[in-house]
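Open the model in your viewer and keep the selection panel at hand. The tour goes stop by stop.

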Amino acid sequence: MHINRRQFFKVCTATVGSSSLATLGFSPDEVRAEVREFKLTRTTETRNTCPYCSVGCGLLIHSLGDSSKNAVADIVHIEGDPDHPVNRGTLCPKGAGLLDFVHSPNRLKYPEYRAPGSKHWQRITWNEAFSRIATLMKADRDAHFIAKNDKGQTVNRWLSTGFLAASASSNETGHLTQKIARSLGMLAFDNQARV
Amino acid sequence: MTNHWVDIKNADLILIMGGNAAEAHPCGFKWVTEAKAHRKARLIVVDPRFTRSAAVADVYAPLRAGTDIAFLGGVINYLLSNDRIHHEYVKNYTDFSFLVREDFSFDDGLFSGYNPEKRSYAKTSWGYQLGPDGYVVTDPTLANPRCVYQLLKTHYGRYTPEVVASICGTSKEDFLKICALIAETAAADKTMTIMYALGWTQHSQGSQMIRTGAMVQLLLGNIGVAGGGMNALRGHSNIQGLTDLGLLSNLLPGYLTLPGDGEQDYTAYLDARASKPLRPGQLSYWQNYGKFFVSVMKSWYGDAATAENNWCYDWLPKLDKGYDILQVFEDMHRGQVNGYVCQGFNPLASAPCKIKVAGAMAKLKYLVIIDPLATETSEFWQNHGEYNDVDPAKIQTEVFRLPSTCFAEEDGSLVNSGRWLQWHWKAAEPPGEAKGDQAIMAGIFLKIREMYKKEGGAFADPILNLSWKYKRPEEPSPEELAREFSGTALKDLADPKDAAKVLLKAGQQLNGFAELRDDGSTACGCWIFAGCWSEKGNLMARRDNSDPYGIGQTLNWAFSWPANRRILYNRASCDPAGTPYDPARKLIAWNKAAGTWSGSDIPDYSAITPPESGMGPFIMNPEGVARFFAVDKMAEGPFPEHYEPFESPLAANPLHPNNAKARSNPAARVFKDDWDSFGTADQFPYVCTTYRLTEHFHFWTKHAPLDAILQPEQFVEIGEELAREKGIRPGDSVRVKSKRGFIVAVAVVTKRIRTLDIAGRKVHTVGVPIHWGFMGVAKNGYITNTLTPFVGDANTQTPEFKSFLVAIEKV
Amino acid sequence: MALQSLDIKRRSATTTPSPSVRKIPEVAKLIDISKCIGCKACQVACMEWNDLRDDIGTNRGVYDNPPDLSDRSWTVMRFAEVEPTPGRLEWLIRKDGCMHCADPGCLKSCPAPGAIIQYSNGIVDFHQEACVGCGYCVMGCPFNIPRLSRKDGKAYKCTLCSDRVAVGQEPACAKTCPTGAIVFGSKEDMLEHAAGRIADLRERGFALAGVYNPTGVSGTHVMYVLQHADRPTLYQGLPRDPGISPLVVLWKEIAKTLMSIGLGAAVVGGIVHYLSQGPNEVPEEEEETS
């Protein structure tokens, strides 16, 4: 048996300390041993899909309240969906941390505008944003739309404004975005799959 | 993926190469561990780094970044020269016996038809010999020196184990050990799956690396079978879906393609794509191209698309060249682009050569960001010290930043790597005034349309006539959009066999793409998704996870395109007579009594065509079989050849030491000014490769405290030998430089990155994870793509992030 | 439901015997290092479930982060690059955290009545409301697990998600583990599962694979499957023969006779010791030499 100095000190103090406390009147009978309250007992569960990689893991999102009129659902916990055939309840470190993505301090909350040469963002309304963006896009399209090429062939393209589509937006968004982009004659149009 | 995540459990051997599934796709990787547990499967990892996938592998071998074709070409040579191939499979299901044109040739690294000025090939000689009947001439004896088998054997005969070792730096013993394991799966009841990702796509010859992998699998009969396949592990949750929907510069939905300038004639456009069979009795499914195309145009333009105006064919923008992201940033850099919209995409961090991309953006008149998070791109104009040292006053771009919802705040579907369309449900409202992407897109579009209505302007027809029958025009619902891309009957659809019988009434949802018509009576936004929302309801939302055959086939879970098939080419899992090669892993089989194909999967074949018809299993190809010889489909040649990365430690391609034109991919596009931005080994001696870590997802999770805690600070990885040479200790701050810029990060010194012996000289590798930037809650860092070169794969233009040159020094 | 039963087996510094008539099956968590990919999902799931966020630190030249257990990191992955067979690199990644010993050194050395509880199912849980922050649990632990918080002065460690287990759920780390390197169930089932894993590892060439369930602490409710069970120290210093410090054992024997000596002085002494020295953390080297 090898006992070093520090351990000797440790155990001596421990002995006296604990004996003392017990004698000081902390009655063992009053010591309760309850586990922490299970925090999901009546949260609302919503099925979802992880937005990160392409495994497409099933999620259970737990939110506060029961969706009644006066309850504002706040997401309090996310874990894997045990019914999902691929992830079977598991989640990787990214998926397991989704709660902090949803509530990231860097989530954008309001439309913002940065003027040419400015060092700052300014908050604007959605209507201002849509109007100004539409005006810029239309002006650029009207000025640079190519209906026919040098050979006189019909080409109907608009090259001076480009569009990068997302990597995690839904198929429904993708379908709508595709329709809109091509109706405008866009070709400078890609998504994250390219890189 | 040809197969899907759960099916990996059916493999006997798993090759992870060009990817790192354990780190990038941990929950999918679980099916590798299941295969190991339940089939005693072995896992092989081939990677420049000993990754966390390698940590649980049975065999690991390193290779030099960018030399995968040399390695796999060596595997092909091993299989052919040792005759370890699946004979019946290759003979019946591939082009082994097809004769190739006499004028096709390969000479010192270049195929016939090369034009060095244009850096491209005239591909006329890259074809089969056709008989007077229009069909390919074959030699079933495989003796003809012009047959694909003989050409293949000659082409890869050069890739000996010694050549592989010398180019890749993999030891001959490791290489041969791996070959022997792979060769075992040539047996009919043994399969290997290949799992790859951006470690193959992000090279200047990435597409051909993948092809070489696919060729190995075909030789072994591992395509179309349970536990086999070529499995691309997509990097993001819906880039599969967005690609399927055609959101790439040259695509229309469902892998239809936009016309080029020269295709002024609608009929000729269709004929060029509706390929006629190249062998007797083949399905050649693209013959239905017209039905898919017309249905898309009806979905977009409704009543405005008529037979008389060729379904608005002229309204489609036509291509004079590709407009991929590299081309667009090149144009932007030249001042030819005024506006740019980034919807959930962070190109300042994601695109190569930050200095070029940032300079290009500064020339924009306006930039619109739609994102849930404050991205680097949205602040490209802001000074963030050493990490983004710009002067805002000099940047005259108007920037809009529009907050969008994230996954938890919306309904909709995503397509996973296994081609499953899975529906998800909204759990809470977004923060502040954030809106869904659909409302944002509608908001911008409706304003534009309103202005065109009022003021007129350049070619307004497509804008004014875009079908927009949504109940709330300002916010089309996910349900409406899903029904639209799944497809609807516009008129009562009569049964082609019995005109009196109505299959579907006008307004009903289609059951699948077989119901599509080219007379304007059907609308379908994406033919491969057809039937995902039928009259039975939203099949993407199905949640029955039962697996009646016990081989991981949950056909009633969600919806898999196409037609709910889970494993593509599954006809090839049976012998020519229609009997499964491995009854224990039966996908489908010919049921003679019933006269149909059936089993644990939906047949990827004509369900009632009997085996004796001779119809091949690869129904999308006009040949009906899989191609070793890629005919004219690839930019750099019908057979993959090893070329060096654009930045390589070697001055010449070891396979073609005297041909400078064949050093790197001869058909890769390089913009004129970018040639000077490539570094050479005298100044930048180390091979650099960039990658993800398991703790982070791209540039997103640095915004999430839980993940920032796991990997808080930017680092680079180097081997012990290089660290010794440079006097770098773990934890030191180091500067990594390429010709295009530098980053400063903490050094992780590791045994896991080996110094390789390449043709008798030492080559060190430097590893750089990608996840940091100047926004987020993790420690700020440099954008890794400061270092990367502005050149892409010759076919896809995916940037060469995985292999370039750097120098490193202690700061 | 057997797993959710949390009847109390013993309490720190308490002499009243616990009820012992009911026979409660023991639970266990099995960590198979040969299946672990070091993804740290368990670290995240642990922090998320337990409403903890550790500091966003720095990189110190290794993958390990946070670098050590803390009051807010109840589990961490420890990475070791070793070559047990020369020329054959292995990256051994061990999930470190409380072992839930059958004979818990922390509980035995704890002077605060009811601050440390051992449930009949084997879980050893800390009750911070009763913790006096003396740090003796840190010293009593043969695995160097508990950590004192600088915020509230109390000791924290893995609870084996006693709140989840109490309602019949598996611990958050076990649920999330992508590869199934962490499994949870009855101790009996876990030992059986381990046997299967060991047979598989032996077939793959790890002749000395085995389970880590050390007898020095009468077995544990968190066990490991090790590829090299003969060399646990390869795994970032997993102790070869952990046991409760002989002095803790000694104390248990003589404590009662010493009970009345130096009452107030000891309590005050303990507090002063903490305030002046900070948390009692035994450096790893010292622990290993004992």
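In chain A, over which residues does pLDDT stay under 50? Select residues 1-31 of chain A: pLDDT stays under 50 over this stretch. The model is predicted, and it has 73 contacts beyond four places in sequence for these residues. Where pLDDT is low, the predicted coordinates should not be read in detail. Now select the whole of chain A, which averages a pLDDT of 88, with 83% of its residues scoring at least 70.

Next, go to where the two chains meet through a pair of helices. The crossing is right-handed.

Show the side chains at this contact. From α4(A), pick A:Trp126, A:Phe130, A:Ser131, A:Ile133, A:Ala134, A:Met137 and A:Lys138. From α16(B), pick B:Gly443, B:Ile444, B:Lys447, B:Ile448 and B:Met451. Of the residues in this contact, 8 are nonpolar, 2 polar and 2 charged.

Last, stay with chain B and colour domain 1 (325-465) and domain 2 (660-810) separately. Their C-alpha centres lie 27 Å apart. Where they touch, 20 residues of domain 1 of chain B are in contact with 23 residues of domain 2 of chain B. On the domain 1 side, α13 (325-333), α14 (347-350) and α15 (354-361) of chain B each supply at least two residues. That side of domain 1 of chain B has 10 nonpolar, 5 polar and 5 charged residues.

Terms used
Residues numbered from 1 in each chain as written. Chains lettered and ligands numbered in written order. Predicted model: local features only at pLDDT ≥ 70, side-chain atom pairs only at ≥ 80, totals over all residues. pLDDT = per-residue confidence, 0-100. Contact = placed C-beta atoms within 7 Å. Domains from an automatic or database assignment. Helix = DSSP H or I, 4+ residues; strand = E, 2+ residues; numbered from the N terminus. Nonpolar A, V, L, I, M, F, W, Y, C, P; charged D, E, K, R; others polar. Left-handed = near helix turned anticlockwise from the far one by under 90°.
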